[in-house]
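Please read them with the sequence and the coordinates open.

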Amino acid sequence: MLIREAEAGDWPRIWPVWHRIVSAGDTYSWDPGTPEEAARALWMGSPGRVYVAEGADGTLLGSACLTPNYGGPAAHVANAGFMVDPDRAGHGVGRALAEHVLAEAKAQGFSAMVFNAVVETNPAVRLWTSLGFSILGTVPDAFDHPRDGRVGLHIMHKAL
Ligand SMILES: CC(C)(COP(=O)(O)OP(=O)(O)OC[C@H]1O[C@@H](n2cnc3c(N)ncnc32)[C@H](O)[C@@H]1OP(=O)(O)O)[C@@H](O)C(=O)NCCC(=O)NCCS
């Protein structure tokens with residue numbers, strides 16, 4: 001697996017994965033009907049950097065974005081998003097992407113990383129806690145999950 005910074009030309013391969021994950025409506029607090037151009041702005045827009053994980057044959061396995069979570073005097077706190085092709089999930093791509101992005105964030109001078117809205121029933125919570133994130137708090141009943149009903153959103157934090 002190769003993890004590298006994305007180029008604009010990677011978007012057409014990121015978009016089908018992005019669309020499949022967001023339209024499922026069970027992990028991200030974005031409109032499941034987000035059209036492609038708006039999705040591109042959300043994922044590839046500045047400020048921030050985007051990464052892709054590719055298989056040995058160049059297949060796109062997943063993508064991550066890294067951006068300041070706040071502005072001005074708080075811009076040293078990072079935010080990141082992760083998406084792995086659902087057909088490739090469960091094979092270590094997400095963990096490898098997260099370890100890469102955490103190292104990148106530290107190298108870029110970020111002092112911490114915050115996730116603003118992790119759906120409390122998302123199995124990813126286990127991944128984030130195993131990487132050293134803690135749950136600062138949970139906004140109760142914030143997310144209408146298609147199967148779990150109304151569930152909380154965790155705010156998660158890790159010092160870098
Ligand atoms: C979350 C996500 C990025 C994880 O990527 P992945 O490649 O499937 O994860 P990995 O194979 O690296 O698994 C990492 C750990 O996560 C946990 N995990 C991930 N998905 C899981 C699932 N569906 N069920 C149970 N555990 C899961 C496992 O505990 C695993 O632990 P291990 O490394 O000790 O085996 C990916 O499933 C995804 O894109 N999900 C949809 C979007 C999303 O939820 N993004 C995160 C928003 S907070």
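1. Basis. This is a predicted model, in which local features need pLDDT of at least 70 and side-chain atom pairs count only at pLDDT 80 or more, while totals for chains, interfaces and linings use all residues. Residues are numbered from 1 along each chain as its sequence is written.

2. Sheet order. Seven strands make up an open sheet of mixed pairing, in the order S1-S2-S3-S4-S5-S7-S6. Strands here are DSSP runs of E with at least two residues, helices are runs of H or I with at least four, and both are numbered from the N terminus. Two strands count as paired if DSSP finds at least two bridges between them. The edges are taken by strand S1 (2–5) and strand S6 (134–145); each has a single partner strand, so one side of each is left without a neighbour in the sheet. On average, neighbouring strands of this sheet are turned by 25 degrees against each other, direction ignored.

3. Pairing in the sheet. S3 and S4 are antiparallel, with seven bridges, and Pro68 has Ala78 in S4 as its bridge partner. S4 and S5 run in the parallel sense over two bridges. Here Val77 is bridged to Ala112 in S5, and Ala78 is bridged to Met113 in S5.

4. S5 pairs with strand S7 (residues 149–159) in the antiparallel sense over six bridges, and Met113 stands opposite Lys158 in S7. S7 also pairs with S6, again antiparallel, over eight bridges. S6 and S7 form a hairpin with three residues between them.

5. Helix on the sheet. H3 lies across S1, strand S2 (49–54), strand S3 (60–68), S4 and S5, and runs at about 30 degrees to S3. Axes are lines fitted to C-alpha atoms, for helices over the stretch in contact, and angles run from 0 to 180 degrees between N-to-C directions.

6. H1 against H2. How do these two helices cross? The axes of helix H1 (residues 11–24) and helix H2 (residues 36–44) come within 11 Å and cross at roughly 100 degrees. That makes H1 roughly perpendicular to H2, a term for angles of 65 to 115 degrees. Trp11, Ile14, Trp15, Trp18 and His19 in H1 meet Glu36, Ala39, Arg40, Trp43 and Met44 in H2; contact requires C-beta atoms, placed from the backbone, within 7 Å. The residues of this contact divide into seven nonpolar, one polar and two charged. Nonpolar covers Ala, Val, Leu, Ile, Met, Phe, Trp, Tyr, Cys and Pro; charged covers Asp, Glu, Lys and Arg; the others, Gly among them, are polar.

7. Val119. Leaving out residues up to four places away in sequence, Val119 touches Asp26, Thr27, Phe143, His145, Val151 and Leu153. Val119 and Val151 are 32 residues apart in sequence, with their C-alpha atoms 7.1 Å apart.

8. Ligand. The ligand is surrounded by 19 residues, and the closest are Ala89, Gly94, Arg95, Pro123 and Leu127; a residue is near if its C-beta atom, placed from the backbone, lies within 6 Å. Strand S4 (77–84), helix H3 (93–107), strand S5 (112–119) and helix H4 (124–130) each supply at least two residues of this shell. The shell divides into eleven nonpolar, six polar and two charged residues.

Notes: Two residues are in contact if their C-beta atoms, placed from the backbone, lie within 7 Å. Angles under 35 degrees count as roughly parallel, over 145 as roughly antiparallel, 65 to 115 as roughly perpendicular and the rest as oblique.
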